[in-house]
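Subject: Structure handover

Hello,

Here is the structure I promised to pass on. Please open it first, then read the notes below.

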Amino acid sequence: MPARRKTSNARTLTEIRSLARSHTRTAIRVLVGIMRSDDATPAARLSAANAILDRGWGKAAQPVENGEGGMLELIQRIERVIVHPGSAGEGDAGVDARDSGELDLQSRLDDR
C-alpha cells in the first residue's frame with residue numbers, strides 16, 4: 001500500500017502543477033496590471049515587477065557570505081574538500097578550527 005500512496009501523491013502534485021500552469025497567462029496579466037497600476041501601492045507594484053522578472057529571467061544570483069572571508073574563501077574551502085580531497089588537512093600547516101568543517105564535510109562525502 002505505501003507504493004500506491006506515493007504514486008497517488010505524485011499524481012496529485014502533477015495535477016496541481018498542471019492546473020496552476022494553465023493559469024499562467026492570466027497570472028502574468030494580473031501581475032502586469034498591478035505593476036502598471038497608478039492605484040497600486042509602490043510595494044505592490046515592486047512585488048509584481050519582481051515576480052515578472054523572476055519568471056522571465058530567473059532569480060538573480062545571491063552571493064553567499066560567510067562573514068570572515070566572503071565568497072572566495074568559501075569556494076576555496078569547497079574546492080579543497082571536493083576537488084583535492086586528499087589534501088584537506090594532510091600536510092597542511094594552516095589547518096585550524098575553520099578547517100574542521102572541511103574535514104567533517106569530507107567524511108560525509110566519503111560516507112556516500
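pLDDT is the predictor's confidence in each residue, from 0 to 100. You need it here, as this is a predicted model. In the chain, confidence is highest in helix α2, at a mean of 96. It is lowest in helix α5 (residues 100-111), at a mean of 56. The mean pLDDT of the chain is 76. Of its residues, 62% reach 70 or more.

One stretch calls for care. Over residues 90-98, pLDDT stays under 50. For that stretch the model has five contacts beyond four places in sequence. Where pLDDT is low, the predicted coordinates should not be read in detail.

Now the overall picture. The chain has five helices and zero strands. Along the sequence the pattern reads α-α-α-α-α. The chain holds 112 residues, and 11% of them count as buried.

Next, helix α3, residues 42-57. How far apart are its end C-alpha atoms? They are 22 Å apart. That agrees with expectation, because 16 residues at 1.5 Å a residue should span 22 Å.

Which residues of α3 are buried? They are Ala48, Ala49 and Ala51. Seen down the axis of α3, these buried residues fall within an arc of 160°, so they line one face of the helix. The buried residues of α3 pack against α2, residues 24-36. On the other side of α3, the exposed residues are Pro42, Ala43, Leu46 and Trp57.

Gly58 follows α3. The phi of Gly58 is positive, near 85°.

Last, the charged pairs. How many salt bridges does a search of the whole structure find? It finds one. The partners are Asp54 and Lys59, with their closest N and O atoms 3.4 Å apart. Are these two residues buried or exposed? Asp54 has a relative accessibility of 25%, so it counts as partly exposed, the class between 20% and 50%. Lys59 has a relative accessible area of 67%, so it is exposed, the cut-off being over 50%.

That is the handover.

Best wishes

Terms used: Residues are numbered from 1 along each chain as its sequence is written. This is a predicted model: local features need pLDDT of at least 70, side-chain atom pairs count only at pLDDT 80 or more; totals for chains, interfaces and linings use all residues. Side-chain values use heavy atoms; hydrogens and water are left out. Helices (H or I, at least four residues) and strands (E, at least two) are DSSP runs, numbered from the N terminus. The expected span of a helix is 1.5 Å times one less than its number of residues. Buried means under 20% relative accessible area, exposed over 50%, partly exposed in between (1.4 Å probe, protein chains only). The arc is that of the directions from the helix axis to the C-beta atoms. Contact means heavy atoms within 4.5 Å. A salt bridge is a side-chain nitrogen of Lys or Arg within 4 Å of a carboxyl oxygen of Asp or Glu.
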